[in-house]
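Biologist: I am new to this one. Please show me the model, and then I will ask about it.

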Amino acid sequence: MPLGLILGIGRAFRRKRTSSLDILSSKRAPRDYYKGKNCKSTGFHTRKGGYVLVQEKLPNFVVPDLTDFKLKSYVSQCPREVKTAEAAEPGKQ
């Protein structure tokens with residue numbers, strides 16, 4: 001009885017699959033199966049080896065007009081140090 005209880009608890013703590021993508025891999029599928037990376041196709045291949053883009057399949061990003069917006073759209077990877085009132089006067093609070 002105690003051994004069965006311990007085994008049941010051990011089974012409950014095993015790692016569960018987080019998504020359905022882990023269920024079928026190219027190792028467990030037929031020889032010609034290609035799983036891909038969850039990307040949507042943007043067109044199709046032609047008989048002669050070309051590729052045709054379909055405008056309806058391309059991503060369309062809608063960006064609002066930011067002409068009078070207070071913040072900038074770019075964040076620098078190397079920020080400059082800015083002197084503030086708190087940093088200039090460490091004794092006052």
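Biologist: Is Lys57 buried, partly exposed or exposed?

Modeller: This is a predicted model, where local features need pLDDT of at least 70, side-chain atom pairs count only at pLDDT 80 or more, and totals for chains, interfaces and linings use all residues. Residues are numbered from 1 along each chain as its sequence is written, and side-chain values use heavy atoms, without hydrogens and water. Buried means under 20% relative accessible area, exposed over 50%, and partly exposed in between (1.4 Å probe, protein chains only). Lys57 has a relative accessible area of 42%, so the residue is partly exposed.

Biologist: Which side chain makes a polar contact with the side chain of Lys57?

Modeller: Lys57 touches Ser41, Thr42 and Gly43, not counting residues up to four places away in sequence. Contact means heavy atoms within 4.5 Å. A polar contact is a pair of N or O atoms within 3.5 Å; within protein, one must be able to donate a hydrogen and the other to accept it, and residues adjacent in sequence count only if both atoms are side-chain atoms. At 3.5 Å, the partner of Lys57 is Ser41.

Biologist: What separates the C-alpha atoms of Lys57 and Thr42?

Modeller: Along the chain, Lys57 and Thr42 are 15 residues apart. Their C-alpha atoms are separated by 5.0 Å.

Biologist: Is Leu71 buried or exposed?

Modeller: Look at the relative accessible area of Leu71, which is 59%. By the cut-off of over 50%, Leu71 is exposed.
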